Amino acid sequence: MGTQPESKLSRQIMEMLRARGAFVFKIHGGETMMNGLPDICGVYQGKSIWLEVKTPGGRVSKIQEYRHQAIRDAGGYVVVPRSVKEASDWLLGLSNDDDNVTG
């Protein structure tokens with residue numbers, strides 16, 4: 001990963017997720033990869049988790065919104081964290097009460 005703020009934040013979030021027992025990996029875009037997929041994909045306590053990391057002020061594109069909804073429709077959990085704390089709070093909510101986690 002590069003040294004861009006979003007890349008650094010993604011790396012920090014992945015470290016936090018792994019420390020809490022999640023299996024996660026970074027999705028790297030390319031011409032053979034489906035566009036609009038979240039940055040991080042994984043499994044936590046048997047749940048499919050997807051994180052689209054954005055820095056404060058960063059915006060989710062229309063294709064990303066579309067992919068996020070498709071993931072939710074299939075039963076996955078999606079969030080757009082803008083800090084490690086936001087991702088950590090979301091994960092805590094996911095482990096405590098699925099009904100309160102919409103991403």
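**Entry 1: His-68**

I started with His-68 and found this residue in helix H2, which covers residues 62-73. I noted at once that the model is predicted.

Next I asked: is His-68 buried or exposed? I read a relative accessibility of 3% for His-68. Buried means under 20%, so His-68 counts as buried.

Then I looked up what His-68 touches. I left aside its neighbours within four places in sequence. The contacts of His-68 are then Pro-38, Glu-52, Val-60, Val-78 and Val-80.

**Entry 2: the aromatic pair**

I searched the whole structure for aromatic pairs and got one. Which residues form the pair, and how are their planes set? The rings belong to Phe-23 and Phe-25. I noted 6.2 Å between the ring centres. The planes stand at 55 degrees, so I wrote the pair down as tilted.

I checked where Phe-25 sits in the chain. Phe-25 lies in strand E1, residues 23-26.

I then looked up accessibility for both rings' residues. Phe-23 has 55% relative accessibility and counts as exposed, because the cut-off for exposed is over 50%. Phe-25 has a relative accessible area of 37%, so I listed Phe-25 as partly exposed.

**Entry 3: the patch**

Last, I asked which residues make the nonpolar surface patch. I found Phe-23, Phe-25 and Val-43 there.

Methods: Residues are numbered from 1 along each chain as its sequence is written. This is a predicted model: local features need pLDDT of at least 70, side-chain atom pairs count only at pLDDT 80 or more; totals for chains, interfaces and linings use all residues. Side-chain values use heavy atoms; hydrogens and water are left out. Helices (H or I, at least four residues) and strands (E, at least two) are DSSP runs, numbered from the N terminus. Buried means under 20% relative accessible area, exposed over 50%, partly exposed in between (1.4 Å probe, protein chains only). Contact means heavy atoms within 4.5 Å. Patches are made of residues with over 30% relative accessible area and no salt bridge: like charges are joined within 9 Å, nonpolar side chains (Val, Leu, Ile, Met, Phe, Trp, Tyr) within 5 Å. Accessible areas come from the Shrake-Rupley method with a 1.4 Å probe; for residues, only the protein chains shown count as cover. A salt bridge is a side-chain nitrogen of Lys or Arg within 4 Å of a carboxyl oxygen of Asp or Glu. Rings of Phe, Tyr and Trp (its six-membered ring) pair if their centres lie within 6.5 Å; planes under 30 degrees apart count as stacked, over 60 as edge-to-face and the rest as tilted.
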